[in-house]
Amino acid sequence: MCGIVGYVGKKNVRDVIIEGLHRLEYRGYDSAGIATTDGKTLVVKKAIGKISDLEKAIQGISFPGSIGMGHTRWATHGGVTEANAHPHTGCPWTKKLQVAVAHNGIIENYRHIKTLLEKKGHMFTSETDTEVIAHLIEEYANGSLFEAVRAALNDLEGAYAIVVISKEYPHELIAARNQSPLVLGVGKGEYYIGSDPSAFVTHTRDVIHVEDGEIVRITPEGYTISLLDNTPISRNVTHIDWDAKKIEKGGYDHYMKKEIDEQPHSTRDAMRGRIDIENGNARLRGIEDKLNELSILKRIIITACGTSWHAGLVGEYLIEELARIPVEVEYASEFRYRSPIIEPGTAVLVISQSGETADTLAALREAKRQGGLVLGICNVIGSTIARETHSGVYLHAGPEIGVASTKAFTSQITVLTLLSVLLARSRGMSQARGQQLLKALADIPEKMTYLLRPENEQAIKKIAEAHAERNHFLYLGRGINFPVALEGALKLKEISYIHAEGYPAAEMKHGPIALIDKKMPSVIIALKHDPLYPKIISNMEEILARGGDIIAVATEEDGEIEKKAKHVLRVPTVPIELSPLVTALPLQMLAYYAAVKRGCEIDQPRNLAKSVTVE
Ligand code: M6R
């Protein structure tokens with residue numbers, strides 16, 4: 001996730017862009033850049049770090065013209081370097097069209113386009129997917145910036161919100177959107193473009209939300225919106241009345257809730273370009289160089305902390321079930337100190353959202369010291385863990401700001417599912433089975449959107465509020481949903497400060513059952529199509545017999561569950577292997593609304609930090 005801002009008007013362009021970038025910094029903050037033009041020169045300056053670092057880097061530089069753009073980056077392709085920062089330009093020697101492009105999203109077919117353009121003599125200076133857009137526009141230069149951009153967009157596959165300016169057309173800014181947000185701000189004789197209205201909210205609150213497949217042309221005289229095939233679009237301006245702080249959170253009160261709701265999108269991003277339906281296989285470019293070693297693996301050790309460790313447990317179920325490779329999941333803090341045995345044929349898989357967790361990093365280094373093959377699953381590009389693993393896969397979930405991890409969890413499970421299919425296909429899993437799983441995986445974002453619909457959310461909120469004053473909760477699940485029970489309990493305790501324990505449902509009778517009474521609710525994941533469902537029902541009976549209350553996570557088809565459970569959190573039916581991708585969501589919301597009701601500090605819970613960089 002990156003932030004884009006553009007401006008056409010009479011104000012000081014540099015100041016407008018820098019202010020907008022500060023407001024968008026929550027969207028990404030590893031590097032930033034600015035470009036303006038007056039028709040004589042196209043000035044592009046970039047810097048690694050925060051917007052304040054960019055400000056220092058551009059001190060004393062003048063930015064000419066009345067048109068400009070800025071970008072704050074959250075790396076997706078290529079490390080955090082000045083060359084990879086946006087805006088990107090085409091060939092420095094071009095006489096055709098000198099453009100600057102800022103982009104948010106992922107261009108899936110960029111390698112193919114890059115190869116074609118290199119053959120035509122284009123020289124690339126970054127490792128990004130975005131740079132191909134600048135070169136493509138240059139390639140299509142034909143006497144109109146708008147037409148060149150339109151032609152280039154027709155070649156692109158993937159997600160984008162882009163802004164383009166050029167030296168040759170110093171009174172024209174072109175922007176376009178496909179699956180990445182873009183908003184046009186309409187001022188008095190001036191126009192703004194932004195990833196969200198926070199980019200320009202101090203200047204205008206009159207906005208037009210640009211839709212997928214639309215291209216916007218802005219000049220000092222006005223704007224036009226059209227489809228990629230040139231069909232004109234007319235859209236009403238709407239007035240927003242939120243304050244700037246709220247807009248940064250996209251209208252949400254808390255980042256955690258925003259990130260819960262982002263999951264259909266972040267999950268889709270985690271699988272984008274990685275599903276090969278035809279071959280029933282997954283394509284994980286980050287570990288492609290290790291495919292031979294992976295095909296003969298004898299054992300996998302997954303190591304991580306907190307929520308990432310829970311995702312690792314889901315990974316254990318998936319890899320063992322689908323690929324039949326033995327997997328152990330270890331807390332990184334334990335693994336690092338207990339002389340783990342890493343024989344040839346063992347791969348160590350480290351999982352970390354931040355890529356900076358001290359214990360996970362130490363575990364990684366211990367595994368490397370012992371000569372193991374170390375793979376990573378990380379969200380933050382260029383983070384220490386991402387750099388130090390031998391190979392790895394990124395989540396592409398965008399920045400996760402709420403301390404309670406939500407979207408990273410589901411993205412980790414998505415990547416682990418892809419990895420499991422890849423490992424399984426090299427060990428004899430049929431193409432048809434691969435296709436079946438991957439098709440179901442591709443449907444998950446839609447199922448999540450359905451799950452997150454307002455009526456369902458209200459139902460979950462009501463249940464959370466009704467239980468917010470309880471002091472203890474038990475979370476139970478079986479099989480692949482046991483780790484989800486652990487994750488549900490962790491979410492509740494870390495943001496609401498209610499004591500919660502997660503257990504495999506059958507383990508309850510070996511101790512925790514002693515705690516059950518009217519005051520302690522049990523949250524049980526009970527999916528009707530789960531082969532273990534009858535056993536879970538028996539576990540419910542055990543709770544009811546002791547006067548306990550049950551909140552069940554159940555599928556919509558389950559008309560019987562109310563006989564056992566006083567409250568039901570409904571989820572759509574998906575294959576059991578993928579069910580954590582839906583069962584996790586109501587538990588995140590249950591914790592969120594209980595914490596809101598208790599008046600807790602949701603995004604920065606007490607005693608916690610987003611990235612635990614100490615032992
Ligand atoms: O950045 P990481 O995934 O390595 O972080 C690991 C844990 O610190 C993290 O998941 C923590 O448990 C979260 N606060 C859970 O919501």
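A crossover is called right-handed if, with the strands pointing away from the viewer, the path from the first strand over the helix to the second runs clockwise. In this predicted model, a right-handed β-α-β unit is formed by β20, helix α12 (residues 358-369) and β21.

Within that unit, strand β20 (residues 346-352) has seven of its seven residues buried, so it is largely enclosed by the rest of the structure. In a regular strand the side chains alternate between the two faces of the sheet. In β20, T346, V348, V350 and S352 point one way while A347, L349 and I351 point the other way, and all are buried.

The pairings described here are listed below, followed by one bridge or opposing pair from each.

| Strand pair | Sense | Bridges |
|---|---|---|
| β18 (residues 299-304) and β20 | parallel | five bridges |
| β20 and β21 (residues 373-378) | parallel | six bridges |
| β11 (residues 206-209) and β15 | antiparallel | two bridges |

R299 has T346 in β20 as its bridge partner, and I351 stands opposite I377 in β21. D206, for its part, has its bridge partner H239 in β15.

Strand β15 also belongs to an open sheet of eight strands, whose order is β3-β2-β4-β1-β10-β9-β11-β15 and whose pairing is antiparallel. At the edges stand β3 (42-48) and β15 (238-239), each with a single partner strand, so one side of each is left without a neighbour in the sheet. Helix α1 (residues 13-24) packs on this sheet, where it touches β1 (3-8), β2 (31-37), β4 (67-73) and β10 (191-194), and its direction makes about 155 degrees with that of β1.

Methods
Residues are numbered from 1 along each chain as its sequence is written. This is a predicted model: local features need pLDDT of at least 70, side-chain atom pairs count only at pLDDT 80 or more; totals for chains, interfaces and linings use all residues. Side-chain values use heavy atoms; hydrogens and water are left out. Buried means under 20% relative accessible area, exposed over 50%, partly exposed in between (1.4 Å probe, protein chains only). Helices (H or I, at least four residues) and strands (E, at least two) are DSSP runs, numbered from the N terminus. Two strands pair if DSSP finds at least two bridges between them. Contact means heavy atoms within 4.5 Å. Axes are lines fitted to C-alpha atoms, for helices over the stretch in contact, and angles run from 0 to 180 degrees between N-to-C directions.
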